[in-house]
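Welcome, and thanks for coming along on this tour. Open your viewer, have the selection tool ready, and follow each stop in turn.

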Amino acid sequence: MTGTPAPFTADDYQARMERAARAAADAGLAGVLVAPGPDLVWLTGYAPPAATERLTLLVLAAGQDPVLVVPTLEAPDAEKAAGAPALTLRDWTDGKDPYATTAPLLDAGGRFGVSDNAWALHLLGLQKALPGTSYVSLTEGLPMLRAVKDAAELERLAAAGEAADATYEEILKVAFAGRRDSEVAGDLADLLRRFGHSQVDFTVVGSGPNGANPHHEAGERVIENGDMVVLDFGGLKHGYGSDTSRTVHVGEPSAEERRVHDVVREAQEAAFRAVRPGIACQDVDRVARAHITEAGYGDRFIHRTGHGIGVTTHEPPYMIEGEEQPLVPGMCFSVEPGIYLPGRFGVRIEDIVTVTEDGGRRLNNTSREMAVVH
């Protein structure tokens, strides 16, 4: 396993906030309003209490210094955030109107990008205080804000991928037959933590017919000899995501099972080889989908080929028909085609890929051949 990366500095966070403000201006927005959640952590290093109903809001706009509006009782923690030296704190006390504190920071007739997980309570409060303002979600208004990773972010994503790979290598050693999906899912969670994950986001274990549901919640089905088993797992390490899928077989697979697995593996390889700067996100999806369709399983590939990954395990960009955003060096996303045969089994193979100057690089490097487990 790689060592702990150097922490992000106030200069790193200042650069991100300036980038966000510029991107907003370029998109015709008056600024960016960021509530607690992944965007706030990425921009400032500050993670306030998750379940607070008190307004916390980062205000970014080109030509003005960043301001973080916080409740007075949480200001001491906000001051300790790594990005705090690069912004101004403005606090408000219980019993006062937080929107009156915030309103003077905003263009009264402006259109603002708002982080996706902002509370409706707070957005409605701002609209009441400033009826001339309007809002658009960051996913719609600035979808590529976090999409291009720098070298330090790529280092963290690579470390998370390495930990997920180590988890897969270890899970191949455990018993599958006679155990429930949920038990193997528990093993995956324990292994992710053992290899440095601070947060486990999902451990999908879909045995037999359960594997035909791409997001099957690991349940109480007992895994049997002869089952195909889809494994899809990931979480956060050093604050950045992992996400990988492999499909294994309990005992020797049938010829049909091998064929379906080969089709998915070949589609995944073809889509990976298509990755390069300048092509549209949808082109990655088209390559994988064309291979599966040619093999006769087009109607059984029922989800997008991939999603972005960073401080969250699912974020823009998305590898799906209609997404014309060109790939840019530093983007990171999954490549995960699948085939799902209802009532029988499913197959999915997934790697995280980053765009390089002349192609793509996998951040997951375990074997994509079908593993036989017991």
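Start with helix 9 and color Ala255 and Arg273: these exposed residues sit on the face turned away from the helix's buried side. Keep in mind as you look that this is a predicted model.

Now select the buried residues of helix 9, which are Glu257, Val260, His261, Val263, Val264, Ala267, Gln268, Ala271, Phe272 and Ala274. They cover an arc of only 165 degrees around the axis, so they lie on the same side of helix 9. There is a simple pattern to keep in mind here: an α-helix has 3.6 residues a turn, so residues three or four places apart point the same way.

While helix 9 is still selected, try its length. It runs over residues 255–274, and at 1.5 Å a residue its 20 residues should span 28 Å; the end C-alpha atoms are 29 Å apart, which agrees.

**Next stop: two pairs of helices**

The axes of helix 9 and helix 10 come within 8 Å and cross at roughly 155 degrees. Angles over 145 degrees count as roughly antiparallel, and helix 9 and helix 10 are therefore roughly antiparallel to each other. The crossing of these two helices, helix 9 and helix 10, is right-handed.

For another pair, select helix 7 (residues 151–171) and helix 8 (residues 181–194). Their axes come within 9 Å, with a crossing angle of roughly 135 degrees. That makes helix 7 oblique to helix 8. Helix 7 and helix 8 also cross in the right-handed sense.

Switch to a cartoon view and look for the open sheet, in which 6 strands follow the order 4-3-2-1-5-6 with mixed pairing. Its edge strands are strand 4 (88–92) and strand 6 (134–137), each pairing on one side only. From one strand to the next, the twist averages 25 degrees.

Which way do the side chains of strand 1 point? Select residues 31–34 and show them: Gly31 and Leu33 point one way, Val32 and Val34 point the other way, and all are buried.

Now look at the neighbors of strand 1. Strand 5, residues 111–114, pairs with strand 1 in the parallel sense over 3 bridges. Click on Val32 and then on Gly113, its bridge partner in strand 5. Strand 2, residues 57–61, is joined to strand 1 by 3 bridges as well, and these two strands run antiparallel. There, Val32 stands opposite Leu60.

Move along to strand 3, residues 64–71. It is joined to strand 4 by 5 bridges, and the two run parallel. To see one of the facing pairs, select Leu68 and its bridge partner in strand 4, Leu89.

**Last stop: two single residues**

Is Trp42 buried or exposed? Find this residue in helix 2, residues 38–44. Trp42 has a relative accessible area of 2%, so it is buried. Then select Gly239 too: Trp42 and Gly239 are 197 residues apart in sequence and 9.3 Å apart in space, C-alpha to C-alpha.

Finish at Glu323, in the loop between strand 12 (315–319) and strand 13 (332–335). With 24% relative accessibility, Glu323 counts as partly exposed.

Note on methods. Residues numbered from 1 in each chain as written. Predicted model: local features only at pLDDT ≥ 70, side-chain atom pairs only at ≥ 80, totals over all residues. Heavy atoms only, no water. Buried < 20%, exposed > 50% of the residue type's maximum accessible area, 1.4 Å probe, protein only. Helix = DSSP H or I, 4+ residues; strand = E, 2+ residues; numbered from the N terminus. Pairing = 2+ DSSP bridges. Expected span 1.5 Å × (residues − 1). Arc of directions from axis to C-beta. Axes fitted to C-alpha atoms, helices over the stretch in contact; angles between N-to-C directions. Parallel < 35°, antiparallel > 145°, perpendicular 65-115°, else oblique. Left-handed = near helix turned anticlockwise from the far one by under 90°.
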